Amino acid sequence: MRRYSFLWMLFLSFSVAVAHGEEATTSVWLPVDEAASVLQTSVETFADTPTAENLQAAKKALSDVAAAWAAAEPHQDEAMIARRDARWVDSGEVAKADLNELIGASRCPVPFSRDMIRKLNADMQGIGVLNYLLSETPDGATDDAAVVALYVAQPRRAAYLKSTASLLKEKTAALLPAP
């Protein structure tokens, strides 16, 4: 009986989203985009001034983006899913070794640009990568002091973080319907 109730509720949610068209699309994606805007600002502040307080603000903003993203998933119709997949907001995987090698490579341009990061695989951008960059050092330390010290010592890491957050904001804005 629970399965049928769940399926019925899922059908009704899908029907309402389709019936409301662009209105449903906007109401689903707007909180994601707004949260991404706050994240971009918080990340820029942390990258420019790496402190424990700024790191916590960036982590909180990232948590808000992830929550808004998760809340949007049950309300998506086929068009929304296609737009989401085309944007690579979050692959669910992080290529930690490749990411750390890229950030540490002296032959790569600094600052990292959105366009450069856009050309990388999905596991080198998005929510999961931002979470890794804000929460862990290459040697696996997860305490805030180690993460802050890493950003003080590695401006290239800060540049990658800022460009990745900026790209995420661009992608979430693209999910909104055209005005």
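**Helix packing in a predicted model**

Mentor: Helices H4 and H8 are oblique to each other. The cut-offs for angles are under 35 degrees for roughly parallel, over 145 for roughly antiparallel, 65 to 115 for roughly perpendicular, and oblique for the rest. This is a predicted model, in which local features need pLDDT of at least 70, side-chain atom pairs count only at pLDDT 80 or more, and totals for chains, interfaces and linings use all residues. Residues are numbered from 1 along each chain as its sequence is written, and side-chain values use heavy atoms, with hydrogens and water left out.

Trainee: At about what angle do H4 and H8 pack?

Mentor: H4 spans residues 96–104 and H8 spans residues 155–174. Axes are lines fitted to C-alpha atoms, for helices over the stretch in contact, and angles run from 0 to 180 degrees between N-to-C directions. The two axes are 9 Å apart, and the angle is about 120°.

Trainee: Is the crossing of H4 and H8 left-handed or right-handed?

Mentor: Picture the near helix turned from the far one by less than a right angle: anticlockwise is left-handed, clockwise is right-handed. The crossing of H4 and H8 is right-handed.

Trainee: Which residues of H8 make the contact with H4?

Mentor: Contact means heavy atoms within 4.5 Å. H4 brings Leu 99, Asn 100, Leu 102, Ile 103 and Gly 104. From H8 come Arg 156, Arg 157 and Tyr 160.

Trainee: How many charged residues are in the contact of H4 with H8?

Mentor: Sort by class: Ala, Val, Leu, Ile, Met, Phe, Trp, Tyr, Cys and Pro are nonpolar, Asp, Glu, Lys and Arg are charged, and the others, Gly among them, are polar. This contact has four nonpolar and two polar residues, and its charged residues number two.

Trainee: How many helices does the protein chain have?

Mentor: Helices (H or I, at least four residues) and strands (E, at least two) are DSSP runs, numbered from the N terminus. The chain has zero strands. Its pattern along the sequence is α-α-α-α-α-α-α-α. The helix count is eight.

Trainee: What percentage of the protein chain's residues are buried?

Mentor: Buried means under 20% relative accessible area, exposed over 50%, and partly exposed in between (1.4 Å probe, protein chains only). The chain has 179 residues, and the buried part makes up 41%.

Trainee: Why do the buried residues of H4 lie on the same side?

Mentor: The buried residues of H4 are Leu 99, Asn 100, Leu 102 and Ile 103. The arc is that of the directions from the helix axis to the C-beta atoms. They are on the same side of H4 because they cover an arc of only 160°.

Trainee: Which helices do the buried residues of H4 pack against?

Mentor: Turn to the other face of H4, and you find the exposed residues Ala 97, Glu 101 and Gly 104. The buried residues pack against H5 (114–118), H6 (127–135) and H8.

Trainee: What is the relative accessibility of Asn 100?

Mentor: Asn 100 lies in helix H4. Leaving out residues up to four places away in sequence, Asn 100 touches Tyr 132, Pro 138 and Arg 157. Asn 100 counts as buried, with a relative accessibility of 18%.

Trainee: Within what arc do the buried residues of H7 fall?

Mentor: H7 covers residues 144–153, and Val 147, Val 148, Leu 150 and Tyr 151 are its buried residues. They line one face of the helix, so seen down the axis they fall within an arc of 155°.

Trainee: How far apart are the axes of H2 and H6?

Mentor: H2 and H6 pack at an angle of about 160°. Their crossing is left-handed. The axes are apart by 10 Å.
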